[in-house]
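I'd like to walk you through one structure, going from the whole chain down to a few single residues. Have a look at it first.

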Amino acid sequence: MAEFPKHARVLVIGGGVVGCSVAYHLAHLGWSDVVLAERRQLTCGTTWHAAGLIAQLRATMNMTRLAKYSQELYGGLEAETGIATGFKRNGSLAVALTEARMEEFQRNASMAKTHGVEVHVVTAQDCRDMHPYLNIDGVVGGLHIPLDGQGDPANIAMALARGARQKGVKVFENTKVEAIHVKDGRVTGARTDKGDIEAEIIINCAGMWAREVGQMAGVNVPLHACEHFYILTEGVPDLPGNLPVLRVPDECAYYKEDAGKILLGAFEPVSKPWGMDGIPEDFCFDELPEDFDHFQPVLEKAIERLPLLESAGIHTFFNGPESFTPDDRYLLGPAPEVENFFVAAGFNSVGIQSAGGAGKALAEWIVGGEPPFDLWDVDIRRMEPFQGNRTYLKNRVTETLGLLYADHFPYRQYETARHVRQTPFHEKMAERGACFGETAGWERPHWFVPAAALATGTKPEYEYSWTRQNWFEFAAEEHRAVRAQAGIFDLSAFGKFRVEGPDAMDVLQRLCGNDVDVEPGKIVYTQWLNRRGCIEADVTVTRLARNSYIVMTGAATVTRDFGWLQRHIPTEANCVALNVTSGEGVLGLMGPRAREILQNVTSADLSNAAFPFATARTIELGMAQVRAHRITYVGELGWELYVPSDMARHVFDCVFEAGQPEGLRLAGMHVLDSCRMEKGFRHFGHDITDEDHVLEAGLGFAVKTRKPDGKFGPFIGREAVMERKEQGVGRRLLQFILHDPEPLLYHTEPIIRDGEVAGYLTSGNYGHELGAAVGLGYVPVREGESVADMLASTYEIEVAGQRFAATASLKPLYDPQSEKIRM
């Protein structure tokens with residue numbers, strides 16, 4: 001195109017495979033007024049040198065859905081565009097060298113049954129039969145996925161670009177975006193080296209440049225480039241073209257046939273960040289300097305694993321940059337900082353297999369105004385502002401590249417870029433044996449080493465496995481203390497939003513399914529719904545005064561939820577919202593002895609009559625003023641104590657000392673989770689998401705469809721809730737407990753109903769009070785069946801290929817009448 005346009009409905013920045021895919025899918029949805037601007041040439045950043053592995057099975061159902069779609073798309077692009085994509089389904093074979101890795105494979109194979117992916121657990125000899133060049137010394141077994149494949153990354157991108165052009169998209173190479181225009185919190189266009197362009201929507205698909213492009217609009221896009229190495233051998237005589245892609249994660253290596261040669265790539269444990277001072281202006285199809293010493297440990301093991309490499313000459317030693325995010329998941333969706341600015345970037349070496357599905361999902365999100373299904377795994381709104389810090393990213397991505405092939409143990413924690421955010425109680429917890437985990441940068445106690453074990457040298461460090469980990473019995477003791485005496489939790493990282501002003505109540509009435517027009521001091525549990533009646537946020541709302549509320553949410557969803565809140569405050573509303581998460585420390589005092597403990601340090605009347613459940617009051621505690629919320633996430637009598645950060649340590653000392661005669665125990669996040677699992681409390685991101693209807697999630701009690709409309713209309717999702725009530729639910733969220741006390745549940749384990757796969761667990765943990773593992777999961781409702789019919793079925797849960805009998809319940813297995821909470 002000779003003339004660069006002055007206006008477009010959509011401007012896509014970046015001409016790699018992802019940008020081409022987004023443009024392609026927008027065009028196929030009927031949005032043809034789209035301009036794609038590429039700073040140099042299409043594919044010249046990362047796409048051109050990608051390995052082109054196209055797998056199906058991902059960690060969650062929806063990520064698998066997107067990967068499967070990519071395969072289907074690439075298989076048909078040649079017929080549509082005339083450009084061959086090189087896509088072939090030659091399958092993949094992953095081999096395990098340890099029993100732990102083999103259990104991971106077996107669990108993945110079970111999960112695949114619910115995701116519609118054909119997977120086979122195979123023996124070491126099977127692995128050799130499928131890949132005759134493989135040395136199976138030390139191989140325990142493997143995982144074969146017959147329909148995995150590979151393709152030509154550059155040609156896939158070119159085919160997508162041509163498909164977009166055929167539908168009217170204008171593609172401009174050698175067109176650099178130099179600035180992004182924002183007015184009144186919304187993008188309006190961009191300045192390029194070919195002139196200004198007005199645009200209603202801008203999509204940042206700039207790959208390893210995406211962080212800097214985001215900064216032009218004031219948007220945080222946390223990613224950083226790393227060096228990624230592979231070698232390509234000389235031609236190997238008689239090398240079959242249908243060899244499966246071979247992965248040996250325990251040796252950090254993958255192998256694929258490539259035009260009669262072997263390509264060997266690595267995901268080494270400690271990677272090399274690149275571009276800390278920015279990416280060179282003229283970077284285009286560039287390679288990075290060789291570092292054979294860095295690659296040599298992988299190559300030495302590879303020669304033993306694939307002996308033909310010893311005699312095959314090296315044709316190419318390649319080193320090229322790829323972008324990685326802080327958590328190894330890509331960034332997709334609307335930026336929380338600026339309206340109509342979207343991101344699709346940071347694909348962590350899975351860009352080719354992800355691009356088709358990600359482009360489709362984002363295009364549908366843009367056109368439809370909401371995500372087509374739950375995309376929280378990759379939603380950019382999970383990122384915290386500090387995570388865009390260059391030093392943080394450099395430190396973190398040294399680890400995240402290698403984690404792609406590390407053992408994916410449950411509860412695995414990042415080791416790099418830690419101790420950035422600490423609660424006011426951090427030192428108090430550390431002194432008493434806390435083992436910390438990280439959420440949204442916050443260091444939170446996950447479990448504690450008891451004093452006696454600390455004295456004998458036990459360290460608060462994880463020893464990972466798929467079975468009972470080294471902290472299991474410590475957590476069991478914490479759990480039993482919460483159930484029998486009391487436990488104290490550091491809940492400071494939970495999100496806290498103040499909503500203030502004469503219109504605060506009406507704004508929240510529009511957002512909340514429940515009725516928040518309550519007396520000051522009342523706490524309301526509620527969901528924020530989308531127009532489909534599905535759950536955008538799971539929060540408590542406390543009315544502090546006539547025009548003042550505080551909203552509490554989970555630590556992982558602060559950016560997402562605060563963005564949702566801000567965007568739903570009408571411009572004409574006399575209301576402001578402020579994120580005050582860091583301003584207060586929060587101690588959760590939970591358990592049957594909580595009242596006695598707290599009464600020892602306050603003169604306030606804590607009786608059930610004076611201080612009932614779901615109320616909040618300011619009380620004196622020691623020498624401090626504390627706002628005490630009588631609420632619980634563990635299913636016991638308890639209070640959350642909100643204290644200004646400067647007085648937090650004093651309050652901790654008072655409560656902890658007062659609790660010692662009553663058996664008070666420090667408790668961590670693992671026990672918060674195991675207790676809530678016994679009680680059947682939902683967890684956002686696992687059990688409830690923006691594609692889960694509030695009624696099917698069993699939360700209809702928290703929705704008041706008959707509450708009066710507020711100043712800004714009925715609550716969002718009201719019509720969808722009423723419609724579903726009339727139609728009936730299509731599935732129900734059930735709680736399960738295994739009959740066998742030995743197996744452990746985490747999530748994604750298949751639910752077997754009457755011998756057939758019926759769903760999968762959304763979350764799981766061990767119920768130390770109930771005596772076995774507990775899980776939550778959705779089960780479809782059969783036509784015309786009652787709740788009693790559903791519960792009368794025979795249920796099993798499949799764990800690593802074995803099925804274990806389970807009991808299903810719609811009511812909480814622990815304290816089903818919630819008597820303990822209100823005691």
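This is a predicted model: local features need pLDDT of at least 70, side-chain atom pairs count only at pLDDT 80 or more; totals for chains, interfaces and linings use all residues.

Now the overall build. The secondary structure comes to 20 helices and 39 strands. Along the principal axes, the C-alpha atoms fill a box of roughly 85 × 65 × 55 Å. How does the radius of gyration fit with a compact globule? For 823 residues, such a globule would have a radius near 28 Å, and the chain has 27 Å, which agrees.

What about inside and outside? Of the 823 residues, 62% are buried.

Which residues have the most contacts inside the largest nonpolar core? That core has 51 residues, and the answer is Leu-26, Tyr-74, Ile-203, Leu-332, Leu-362 and Leu-375. Several elements each supply at least two residues of this core, among them strands β1 (7-13), β2 (34-37) and β11 (195-204), and helices α1 (17-28), α2 (61-81) and α9 (351-368). There is also a second, separate core of 36 residues, which includes Trp-209, Val-338, Ala-345 and Met-383.

Leaving aside neighbours within four places in sequence, Ile-203 is in contact with Val-10, Leu-11, Val-12 and Ile-13, with Val-22 and Leu-26, and with Phe-342, Leu-362 and Ile-366.

Most residues other than glycine have a negative phi. Ala-259 is not a glycine, yet its phi is positive, about 55 degrees. You'll find Ala-259 in the loop between β14 (253-258) and β15 (261-266). Is Ala-259 buried or exposed? With 62% relative accessibility, Ala-259 counts as exposed, because the cut-off for that is over 50%.

The other one is Asn-340, with a positive phi of about 65 degrees, and again this is not a glycine. Asn-340 sits in the loop between β18 (331-334) and β19 (341-345). Its relative accessible area is 24%, so Asn-340 is partly exposed.

I'll finish with two residues that you can look up on the model. Lys-394 is found in helix α10 (residues 390-403), and at 38% relative accessibility it counts as partly exposed. Beyond its neighbours within four places in sequence, Lys-394 is in contact with His-224, Pro-273 and Met-276. Gly-710 is 316 residues away from Lys-394 along the chain, and their C-alpha atoms are separated by 48 Å.

Then there is Thr-98, in the loop between β4 (92-96) and α3 (99-115). Thr-98 counts as partly exposed too, at 31% relative accessibility. Which residues does Thr-98 touch, not counting those up to four places away in sequence? They are Val-140, Asp-250 and Asp-407. As for Asn-204, which is 106 residues from Thr-98 along the chain, the two C-alpha atoms are separated by 41 Å.

Key
Residues are numbered from 1 along each chain as its sequence is written. Side-chain values use heavy atoms; hydrogens and water are left out. Helices (H or I, at least four residues) and strands (E, at least two) are DSSP runs, numbered from the N terminus. The radius of gyration is taken over C-alpha atoms; the globule rule is 2.2 Å times the number of residues to the power 0.38. Buried means under 20% relative accessible area, exposed over 50%, partly exposed in between (1.4 Å probe, protein chains only). A nonpolar core is a set of buried Ala, Val, Leu, Ile, Met, Phe, Trp, Tyr and Cys residues joined through side-chain atoms within 4.5 Å. Contact means heavy atoms within 4.5 Å.
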